[in-house]
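User: Please take me through this model one feature at a time. Give the rule each time, then the case.

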Amino acid sequence: MPDAVVIGAGPNGLVAANLLADAGWSVEVLEAQPEPGGAVRSDRGVHPDHVSDLFSAFYPLAVASPVLAGLRLEREGLRWSRAPRVLAHPLADGRCAVLDRLPEDTATRLDGFAPGDGAAWRDLYEIWERLGPDIVRALFTPFPPVLPAARMLGRLRGAGGLGLVRRLTLPVRRLGEEEFRGEGGGLLLAGNALHADLPPEASGSGGFGWLMSMLGQQQGYPVPVGGAGELTAALVRRLEGRGGVVRCGTPVVEVAVRGGRAIGARTASGERVPARRAVLADVSAPALYGGLVAEEHLPDTLLRDLRRFQWDFATFKVDWALDSPVPWTAPEAATAGTVHLADGIDGLTAFAARLATGLVPEDPFLILGQMTTADPSRSPAGTESAWAYTHVPHHIKGDAGGRGLAGRWDTGESEAMADRMEEVVERYAPGFHGRILRRRILAPPTLEAMDTNLRDGALNGGTAALHQQLFFRPLPGNGRPHTPVKGLYLASASAHPGGGVHGAPGANAARAALRRHPLARGRGRRS
């Protein structure tokens, strides 16, 4: 009988399992899919010569995470690569906002939008240099993050005090207007805010856009050499080297509960897998509460709050194998790993408004990855392995593009949506269509079928909006990984601090379990 059963071999589940194994626990990880990784996987399914990341692809939070740094995955063969430029946001008029590898270069390019905007960017980055380490520690510490928050408060006065707090709670549109005279700086912030589900007018989107922009400025947007799956492979190798077991193709259908305590898991085949000490669930909050855990074991207040749980946006993704690089009209975009495509902040607002009103956007905002540009091992020299994703409503009321997309996502609708996305790319890169060798379409139901944590392809385990963060995540008063069932811990992105591949929800759950049972009997810690 293992000390712990971990449900789900996504990054959070694997991080949790590794930390438990380090403490001497025996661990068994049960994964529904035929391979581990959750939303951190890659394959050659588009073209045999091209490596494609199935879900997530760029990992600034992973490189910044003290959780993953502590696992020393480089000892397991993990290596990182970065594109020459971090991010580009070309505009229809030929201008291009660029997040460069060096702050000075980013500032110089922003001065091209308006004199003085470079200095404004440097000021924002100087604040990050002062507060960033404590912000990162606070994000990746179980809630409430008392010590990192105390250190941050001590430095806050010198960084702007309440004035800075106000700025970071602003909508990102307003933050850009206050900080910059031209459009470029605000575009970088606003596009990064929409990596989550935070539109330009959302309170707090300024702080999130600033956080992601500054992480990109400091760390770049790194990718694992060889594909996203190499990050997962390193986590699995490390775990198995410490005696942990990962069983794929083993979906769990029930957390077994006796006397108010989790005692193991039951699989779809009927197998019962007991746990001596704890069960950790790297599954979404809605899948756990009332799903794997029967309602009879849960308080009525939790079930009522669960009805108010909000998912982040649904996702539609297209992967491409290209016979040559994307022919951008803005040359700066050619060397960026990530490219944002929307014609200005107004375009981002219009896109978000369509989603809010249940309409498929006629002019979708695209986040596009140039993976061979970021990691030359992804495809043969002179070619490109690329992808783009956009968001669509979970419940579609109509199609602002006039093509009748209704959310069936059958072959016809999926092809039409992929064509719409390619039309956006073509607008900024004429001739793009002619460079496509093959494409693969991952519509919302496909993404969910490949990882059931991704409801309609929702990537962040629930909205990143303020009303579902901190002690509101995933539900009010549930900001820690503990659940109403003793010995059961929520270890997924639905838990604080949320989405992004950084391992913190898994680490928080593992540490909570270890505090309850510090060491497995007869075993000691391993480094």
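Analyst: The rule asks for a side-chain nitrogen of Lys or Arg within 4 Å of a carboxyl oxygen of Asp or Glu. The model is predicted, so local features need pLDDT of at least 70 and side-chain atom pairs count only at pLDDT 80 or more, while totals for chains, interfaces and linings use all residues. Residues are numbered from 1 along each chain as its sequence is written, and side-chain values use heavy atoms, with hydrogens and water left out.

User: Where in the chain do R85 and D100 sit?

Analyst: R85 is in strand β6 (residues 85-90), and D100 is in the loop between β7 (96-99) and α4 (103-111). The two are 15 residues apart, and the pair links distant parts of the chain. Element names follow DSSP runs, numbered from the N terminus: helices are H or I with at least four residues, strands are E with at least two.

User: How many salt bridges does the rule give?

Analyst: The count is 34 salt bridges.

User: Now sheets. What is the strand order in the open sheet of five strands?

Analyst: Strands of a sheet pair through backbone hydrogen bonds, parallel or antiparallel. Two strands count as paired if DSSP finds at least two bridges between them. Here the order is β9-β2-β1-β13-β21, and the pairing is parallel. At the edges are β9 (245-247) and β21 (488-490), each pairing on one side only. Neighbouring strands are turned by 20° against each other on average, direction ignored. Angles are taken between N-to-C directions of axes, from 0 to 180 degrees; the axes are lines fitted to C-alpha atoms, for helices over the stretch in contact.

User: How many bridges join β1 and β2?

Analyst: Four bridges join β1 (residues 4-7) to β2 (residues 27-30), in the parallel sense. Within this pair, A4 stands opposite V27 of β2.

User: Which strands does helix α18 lie across?

Analyst: α18 (residues 504-516) lies across β13 (278-281) and β21. The helix runs at about 155° to β21.

User: And which strands form the open sheet of three?

Analyst: That sheet has the order β10-β11-β12, with antiparallel pairing. β10 (252-258) and β12 (272-274) are at the edges with a single partner strand each, so one side of each is left without a neighbour in the sheet. Neighbouring strands are turned by 30° on average, direction ignored. β10 and β11 (residues 261-267) share six bridges in the antiparallel sense. One of the residues to check is E254: its bridge partner in β11 is R266.

User: Helix packing next. At what angle do α1 and α18 pack?

Analyst: α1 (residues 11-22) packs on α18 at about 35°, with the axes 7 Å apart. Handedness is read from the near helix: turned from the far one by less than a right angle, anticlockwise is left-handed and clockwise is right-handed. The crossing of α1 and α18 is right-handed. Contact means heavy atoms within 4.5 Å. N12, V15, A16, L19 and L20 of α1 meet a set in α18 that includes A507, A510, R511 and L514. By class, the contact has ten nonpolar, two polar and one charged residue. The classes: Ala, Val, Leu, Ile, Met, Phe, Trp, Tyr, Cys and Pro are nonpolar; Asp, Glu, Lys and Arg are charged; the others, Gly among them, are polar.

User: At what angle do α4 and α5 cross?

Analyst: They cross at roughly 145°, with the axes of α4 and α5 (residues 117-139) coming within 7 Å. This crossing is right-handed. Among the contact residues are L110 and D111 of α4, and W121, R122 and Y125 of α5. The classes here are six nonpolar, two polar and three charged.

User: Is the crossing of α9 and α14 left-handed or right-handed?

Analyst: Left-handed. The axes of α9 (residues 184-193) and α14 (residues 344-356) come within 9 Å and cross at roughly 25°. G186, L187, A190 and G191 of α9 meet G344, I345 and L348 of α14. The contact has four nonpolar, three polar and no charged residues.

User: Last, the backbone. Where is the peptide bond with omega near 0°?

Analyst: It runs from R473 to P474, and is cis. P474 lies in the loop between α17 (444-450) and β21. The bond from H496 to P497 is also cis, with omega near 5°; P497 is in the loop between β21 and α18. Check R72 too: its phi is positive, about 50°, although R72 is not a glycine. R72 is in the loop between α3 (66-71) and β5 (80-81).
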